[in-house]
Amino acid sequence: MSVGVESKDFTFSLVKDVEEWNALEPEVEKLYSSLANPNPYFSPEWLSCWRKWFAPESKPRIAIVRGRRGELASCWPFVERGGILGARILWPFVYDEANYFDPLGDFSKPDLGEFLCRNLQALLGEFHFIWLPLLRKSFWDEHLEPVVESARDPVISRIPRETCFAELSKFSSFDDYVSSNLGSKSRKTLRYNRRRLEGLGSLKFESFADSGAMSSFLPTSCIVEVNSWKSKQVAGLYSIRGKRAFFFELLPLLAEKGRATASCMRVDDIPVAWELGLLWGDHYGLHNVAYDDEWKEHSPGRQLLVHNLSSCHASGLTVDFLPGNLGYKRKFSTCESPVHELYWFSRSFRGFLARRLILMNMKARRRIRASASADNRANRGIREAFGEN
């Protein structure tokens, strides 16, 4: 393994031992709680639950930096995976759920971010490539990109998505925010659908912010998920085997620490839509929203979203819609920020081969998307030519 940079203020290590991982949990909690804008997917609850349910199939690894007094200054969790021809890969932790993958740490401390990134780069002597998806702009711009450029290793770098935000505190009232972001037609449609829902029965919004309330509500969320289009597309929160048990354990733990909240919209006690929000600092992260397909003509998901946006405005929270190029996120956002993706390769035959294979896969995916887009345009043209809706 290559030797990384040294510092009189910091020490770096890659933790592989399971018992050492377990011993780190109180320190991770202390570090996470001290940060104003931590990565919500690297809270101790996410790390411990995901290790329990999914990491046994892989090899958890965590890159840590300690300060001069031995305190945990930064941590970056990964799993080790195997690749072609025996390649060893550092893969992102919580890779099947997380929307951000930047590490925990107070990177306002001088040299901490650079020290972590340079020592991560040194791990390319042990691993053949490192995959770092969905890195928030501040960490990429200030800490990782300068190290990548100076190291001159083979890389694939791109901006796959953007994150949309609703900075609600900029508006004196919620009505001002709605008027600023939604056109008159959209506002009229929202009001019309709200009245139609109210005409069908008693409309009620509920929130579940503590551990007990969250546990009691989660079976109801399953009902909405099963009746949602997401279930048919295997895109729901619980669609993949094992996910329901994982979230049923995780979400009450997050709620107990004030790190998650769920909400539900009912019509005459029928659950029509639900939303899962993650809480950190002064942010509300929209992790999941689903609605019963039988009610889709009334836009139930959007009605619940607007209700929660109003609550966030009252609480002074910034809404993070999380990465994803979806139209409703842009409609309700006040600003956008790119997230970065990096494939970092060693200067070896296996690193070279991995890079070529990933580039070939990206090219094939672009062709598939282009072909699907062309088919959609052609079908739309046919429908218009024959006067079909």
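A charge is taken to sit over a ring if NZ of Lys or CZ of Arg is within 6 Å of the ring centre and within 35 degrees of the ring normal; the close-ups below come from a predicted model.

**Close-up 1. Arginine 136 lies over the face of tyrosine 100.** In this predicted model, arginine 136 is placed at 4.8 Å from the centre of the tyrosine 100 ring.

**Close-up 2. Tryptophan 50 pairs with phenylalanine 54 and with tyrosine 95.** The structure holds 27 aromatic pairs, and in one of them the ring centres of tryptophan 50 and phenylalanine 54 are 6.1 Å apart with the planes at 45°, so this pair is tilted. Tryptophan 50 is buried at a relative accessible area of 0%, and phenylalanine 54 is also buried, at 14%. The rings of tryptophan 50 and tyrosine 95 have their centres 5.3 Å apart and their planes at 75°, so that pair is edge-to-face. Because tryptophan 50 belongs to helix α2 (residues 44–53) and tyrosine 95 to the loop between β4 (88–92) and β5 (104–105), the pair ties together parts that are 45 residues apart in sequence.

**Close-up 3. Arginine 81 has its charged end over the ring of tyrosine 95.** The charged end is 5.3 Å from the ring centre, and tyrosine 95 itself counts as partly exposed, at 34% relative accessibility.

**Close-up 4. Helix α5 (residues 174–181) has the buried residues Phe174, Tyr177, Val178 and Asn181.** These residues lie on the same side of α5, because they cover an arc of only 95° around the axis. The face turned away from that buried side carries the exposed residues Asp175 and Ser180, while the buried residues pack against β7 (155–166), α6 (184–200), α10 (300–315) and α11 (327–332).

Notes: Residues are numbered from 1 along each chain as its sequence is written. This is a predicted model: local features need pLDDT of at least 70, side-chain atom pairs count only at pLDDT 80 or more; totals for chains, interfaces and linings use all residues. Side-chain values use heavy atoms; hydrogens and water are left out. Buried means under 20% relative accessible area, exposed over 50%, partly exposed in between (1.4 Å probe, protein chains only). Helices (H or I, at least four residues) and strands (E, at least two) are DSSP runs, numbered from the N terminus. The arc is that of the directions from the helix axis to the C-beta atoms. Contact means heavy atoms within 4.5 Å. Rings of Phe, Tyr and Trp (its six-membered ring) pair if their centres lie within 6.5 Å; planes under 30 degrees apart count as stacked, over 60 as edge-to-face and the rest as tilted.
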